[in-house]
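Please keep the sequence and the model in view while reading.

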Amino acid sequence: MRAFLSVWRMDRRIRPYVTRAGFYGIYRLGHIMIDWPLITCLVERWRLETHTFHVPVGEMTITLQDVAIILGLRIDGPAVTGTCVFDVAALYGELLGVIPPADALRGSAISIRWLCQRLSTPAPDADEVALQRSVRGFILALLGSFLFADKKGVHVHLCFLPLLRDLMQTSTYSWGGAVLAHTYRELCRASLDRRRGISGCITLIQLCTTIAPCLT
C-alpha cells in the first residue's frame, strides 16, 4: 500500500468515480505501519476449525461489521465472482485502453507499477472514457496492493478487471464479503506448518485486533 500511494496521487477528476465505486474510504486510510510481531502472534493464535483467534480471555475474530466500519466496503449485494476465460487483449484494450507488454505480466496478473506508470495521470483533456480507464487502473492497483495482496503486493490478478467494466455496477458487489473470505483463507494458510509470511489485507487484521489489550 505504501509503495502504491507513493507513486499514485489520485487525480481530482477521478475521485468522484472512485467514490461512487465504493473504494474512496480505503484510499483515505492511507499507509499504516504494520506491526509484524503482532501479526505473527495473531497467526499463531488462529484456529482453522473455528476461524477465530484463541486468546487468554476467550476467542475473537474479524467480522463483516469490522470490514464495513474500518474499510468502508459494502458487505451485501452480489458476490464478487466471475470467469477467468476471456479475450485478454480485447479486455485490456476496452477497459484500460492499452495492452501491457510481456514484461508487465506474470501469468494472469499485471504489474501494479506498470498500471501506475500508464494510468495514474490522465491527460489534461481526457474525456469520460479515458478517466474511467484511469479509475479502473487505480482500483486494480488498490485491490492488488491492499485488499487482495499477495506476499509482495506488486501484481494484481486479471480476474478483477471484468468486474470494473460498469463502475456503477461495481459499487453493488459485496467487496467486503470477498475481502473477509480472502483474509480468513490467508490466515488459515499462514497458520499451517512450514508456511512463511501471510498475504491478504494485513491492515484489516491489525486494526481489528489492536483494540484487544490481552494480545499485547
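**Aromatic cluster and strand hairpins**

In this predicted model, Phe23, Phe148, Phe160, Tyr173 and Trp175 are joined into a cluster by ring pairs. The count of aromatic pairs comes to eight. The pair formed by tyrosine 173 and tryptophan 175 is edge-to-face, because the ring centres lie 6.3 Å apart, within the 6.5 Å cut-off, and the planes stand at 85°, where over 60 degrees is required for that class. Tyrosine 173 and tryptophan 175 are also both buried.

A ring takes part in another kind of contact at tyrosine 17. The charged end of arginine 20 sits over the ring of tyrosine 17, at 5.0 Å from the ring centre.

Attention now turns to the strands. Strand S1, residues 46–47, pairs with strand S2, residues 52–55, in the antiparallel sense, and two bridges connect them. Within this pairing, tryptophan 46 has phenylalanine 53 of S2 opposite to it. The two strands S1 and S2 make up a hairpin, with four residues between them. Histidine 51 lies in that turn and has a positive phi of about 55°.

Strand S2 also pairs with strand S3, residues 58–60, again in the antiparallel sense, here over three bridges. Histidine 54 has glutamate 59 in S3 as its bridge partner. A hairpin is likewise formed by S2 and S3, and two residues lie between these strands.

Note on methods: Residues are numbered from 1 along each chain as its sequence is written. This is a predicted model: local features need pLDDT of at least 70, side-chain atom pairs count only at pLDDT 80 or more; totals for chains, interfaces and linings use all residues. Side-chain values use heavy atoms; hydrogens and water are left out. Two strands pair if DSSP finds at least two bridges between them. Rings of Phe, Tyr and Trp (its six-membered ring) pair if their centres lie within 6.5 Å; planes under 30 degrees apart count as stacked, over 60 as edge-to-face and the rest as tilted. Buried means under 20% relative accessible area, exposed over 50%, partly exposed in between (1.4 Å probe, protein chains only). A charge sits over a ring if NZ of Lys or CZ of Arg is within 6 Å of the ring centre and within 35 degrees of the ring normal.
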